[in-house]
2 protein chains.
Amino acid sequence: MQKITQISRAQAGEITPQIAHVAKLERMNPEELRAAVAAGRVVIPANIGHRKLVPMGIGRALRTKLNANIGNSTLSSCPSQELEKLESALHWGADTVMDLSTGANIVNIRRAIIEHSPVPVGTVPIYEVLARGEGAEKLTPELILQVMREQAEQGVDYMTIHAGLLRAMIPAARRRKLRIVSRGGAILARYMSERNCENPFYEYFDEILEICARYDVTLSLGDGMRPGCLADASDEAQFAELATLGELVSRSRAAGVQAMVEGPGHIPMNEIEMNMKTERELCDDAPFYVLGPLVTDCAPGYDHITSAIGAALAAYYGAAMICYVTPKEHLGLPNAADVRAGVIAARIAAHAADVGLGKPGARERDDELSEARGAFDWERQFELALDPERARELRAEAIAESERNNAVDHRKSQYCTMCGPDFCSMRISKEL
Amino acid sequence: MQKITQISRAQAGEITPQIAHVAKLERMNPEELRAAVAAGRVVIPANIGHRKLVPMGIGRALRTKLNANIGNSTLSSCPSQELEKLESALHWGADTVMDLSTGANIVNIRRAIIEHSPVPVGTVPIYEVLARGEGAEKLTPELILQVMREQAEQGVDYMTIHAGLLRAMIPAARRRKLRIVSRGGAILARYMSERNCENPFYEYFDEILEICARYDVTLSLGDGMRPGCLADASDEAQFAELATLGELVSRSRAAGVQAMVEGPGHIPMNEIEMNMKTERELCDDAPFYVLGPLVTDCAPGYDHITSAIGAALAAYYGAAMICYVTPKEHLGLPNAADVRAGVIAARIAAHAADVGLGKPGARERDDELSEARGAFDWERQFELALDPERARELRAEAIAESERNNAVDHRKSQYCTMCGPDFCSMRISKEL
């Protein structure tokens with residue numbers, strides 16, 4: 001078979017057009033990036049059939065990326081709603097999107113998303129398997145491979161498979177407070193328990209690698225055992241699976257397939273650095289793609305914030321991509337407003353980590369905005385803000401509330417309504 | 001003079017009723033807490049005239065506390081609005097409040113706040129000095145001492161004074177991108193520059209200590225030189241002032257006055273731990289009360305999140321209290337909704353750090369909520385949430401959106417609308 005994946009071509013010494021493009025974006029030496037792609041420390045998810053894709057890279061040495069999940073559930077949502085969420089995710093700055101649809105019309109929703117998306121599109125194929133198989137009874141290796149092949153043909157750039165959750169690990173999950181909170185993980189564990197069989201994604205991993213190698217689908221090795229609460233963090237079940245994911249990373253690379261590894265979850269602050277280092281060791285520095293981690297369980301309604309704290313720390317300690325978490329996490333399916341809140345919180349976390357790590361150019365935007373702040377150039381501050389519309393809204397709100405008390409026009413003022421003109425420190429200290 | 005302050009009495013070996021109360025709250029040995037108060041590692045801001053006060057303690061060994069700022073500016077707000085903000089701050093969980101009023105009616109607003117507040121009330125006396133002196137021209141040592149005396153008599157529990165910003169440090173501030181962003185600091189720097197004199201709070205520090213000792217006012221030694229952007233972080237101006245604050249901590253303790261130290265500001269993630277350790281060394285472990293720190297400058301409209309990331313790290317590395325930052329930071333005066341968002345974000349940060357540090361009992365709430373989550377006990381989850389109302393609102397919203405698509409009642413359901421019943425991992429893995 002002709003070797004067409006980014007990793008194979010990089011291993012053969014080629015600086016692909018995608019590598020060249022990403023190197024430019026990341027202000028990186030192309031040859032250095034090629035070596036990182038060849039080694040598997042950076043992935044460039046780029047299905048050969050995804051026409052509209054603008055290549056991007058994921059790896060610890062690059063700018064921290066963020067993913068936004070979209071997709072319907074069996075209870076709600078329709079294709080146009082999903083395209084609206086895609087637009088929203090892109091508008092607010094998602095670097096990749098995952099279509100997690102589990103409801104009706106999966107194939108058409110995905111087609112529309114891939115057609116419209118300039119960023120890599122990821123999926124979790126077992127959702128479609130179940131939707132098509134009408135329940136876990138029909139979950140067969142043949143159907144899994146067929147669905148993955150069809151999705152690969154359709155142009156999916158990366159696929160999450162929970163291939164590392166083995167039958168032998170289930171007793172450890174039973175001892176947990178919340179057992180298995182990954183949807184794919186829970187489905188597979190039930191399947192293995194009921195049939196007394198091994199995980200089909202593990203058993204047919206070679207066949208899966210063949211499909212991925214043909215279309216350059218990047219594998220996202222899912223953590224079916226990610227802890228769903230602080231009490232279950234960093235336990236035997238989690239790390240047993242992670243060790244297996246490390247093996248699968250090796251097998252992927254050997255087969256010329258790009259692979260990243262998914263990570264937790266709910267992790268207390270004191271265990272985040274250890275978790276990042278453990279992944280790096282067990283998985284030979286494969287890009288780590290984390291969901292959160294959420295640093296507390298007790299703030300439903302604000303899990304975009306609990307996860308922004310964890311994600312900033314995770315990225316600072318080496319995570320390559322963070323999955324956004326919206327305020328609706330644990331409560332319901334996010335709508336477009338939740339997508340916005342989730343993406344911006346994740347961007348703040350990713351950017352803060354990049355600044356802390358001194359990644360090339362990361363702090364330029366901060367410095368420019370601070371410059372504009374010192375110059376009372378409100379318009380420029382808004383332009384440079386991660387969410388210009390929100391900044392404008394809040395200033396307008398403050399001005400309106402202030403003008404209700406006195407009839408002054410503050411809009412172009414050399415101060416904000418927080419301190420007013422007489423107590424504006426920046427104004428005063430300019431005169432020093 | 002009779003020694004009536006918590007630190008003096010603790011130094012004399014007394015376990016005051018306040019120390020006993022706080023020890024119980026913090027699950028700490030009273031004698032151990034007495035020793036910490038005597039050494040100045042813990043402060044219990046408790047003006048002898050603040051009748052309604054329920055004592056609380058601030059120190060690295062205790063639960064991380066959070067302060068919410070209220071108060072009007074010269075441009076907006078009125079007393080009833082401020083009492084509304086007080087109610088809001090208390091309702092959402094502020095451990096102390098600061099009345100930062102700079103506008104009209106300062107004395108009456110403060111009286112109302114102290115009368116209604118069971119938590120310590122802090123002020124920044126220079127704001128009233130300026131409001132009464134009609135501009136910086138009238139800023140005299142006599143007026144400063146008079147205002148501080150009157151505020152102490154009124155029952156203010158702690159006062160921020162920028163006594164460590166010395167004249168010799170101003171050239172270093174001039175070299176900064178944003179110079180001085182503390183209001184009090186900027187006013188004092190201008191005063192010193194114009195008059196060629198030293199900082200009156202520094203010069204009259206002994207007289208200030210006398211006032212504080214008489215009423216047990218805790219000093220909050222303000223950081224007039226806190227960096228206002230990442231570019232100015234951890235610089236010469238900041239640390240020169242911090243060293244002076246360390247001297248003032250020693251002088252306060254020697255005079256039987258409780259003292260804490262205020263900290264930054266805007267600090268990149270990689271410098272937060274170092275900042276916390278530097279304060280501990282320079283200020284002999286005086287409780288560190290930090291504003292943020294904000295870990296990026298470029299998210300106006302979301303600075304409750306940029307500061308939650310920094311505050312979680314700061315508290316994890318030893319800050320004792322964090323000042324909330326609202327979404328309106330840098331944009332305008334916060335309203336009640338902003339106070340709510342700011343307090344909850346700060347509580348998340350404080351709690352995450354306490355959990356990470358394994359403080360006594362910190363994780364119990366997380367574990368209980370996770371238990372309820374596993375049992376699909378929605379009502380119990382809401383009760384345990386840091387903001388029950390928000391969690392309820394968001395779930396109701398998700399259910400309403402879902403019911404628009406199909407006419408099922410999901411309210412008591414054993415799943416959320418995020419995954420729906422067939423894909424609910426917790427439901428599936430319960431059956432394992």
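**Close-up views of a predicted two-chain model**

**View 1. Salt bridges between chain A and chain B.** Across this interface, 6 salt bridges are found (side-chain nitrogen of Lys or Arg within 4 Å of a carboxyl oxygen of Asp or Glu). One of them pairs A:Arg190 with B:Glu431, with the closest N and O atoms 3.7 Å apart. The model is predicted, local features need pLDDT of at least 70, side-chain atom pairs count only at pLDDT 80 or more, and totals for chains, interfaces and linings use all residues. Residues are numbered from 1 along each chain as its sequence is written, chains are lettered from A in the order in which they are written, and side-chain values use heavy atoms, without hydrogens and water.

**View 2. Extent of the contact between chain A and chain B.** Chain A and chain B each bring 106 residues to the contact (heavy atoms within 4.5 Å). The buried area is about 9,000 Å², and carbon and sulfur atoms give 66% of that area (accessible area, 1.4 Å probe, lost on putting the two parts together, summed over both).

View 3. A:Asp387 lies in the loop between α17 (378-384) and α18 (388-405) of chain A (helices are DSSP runs of H or I, at least four residues). A:Asp387 counts as buried because its relative accessibility is 0% (buried is under 20% relative accessible area, 1.4 Å probe, protein chains only; exposed is over 50%, partly exposed in between). Leaving aside neighbours within four places in sequence, the residues in contact with A:Asp387 are A:Trp92, A:Arg340, A:Ile344, B:Pro300 and B:Tyr302.

Note on methods:
Helix = DSSP H or I, 4+ residues; strand = E, 2+ residues; numbered from the N terminus.
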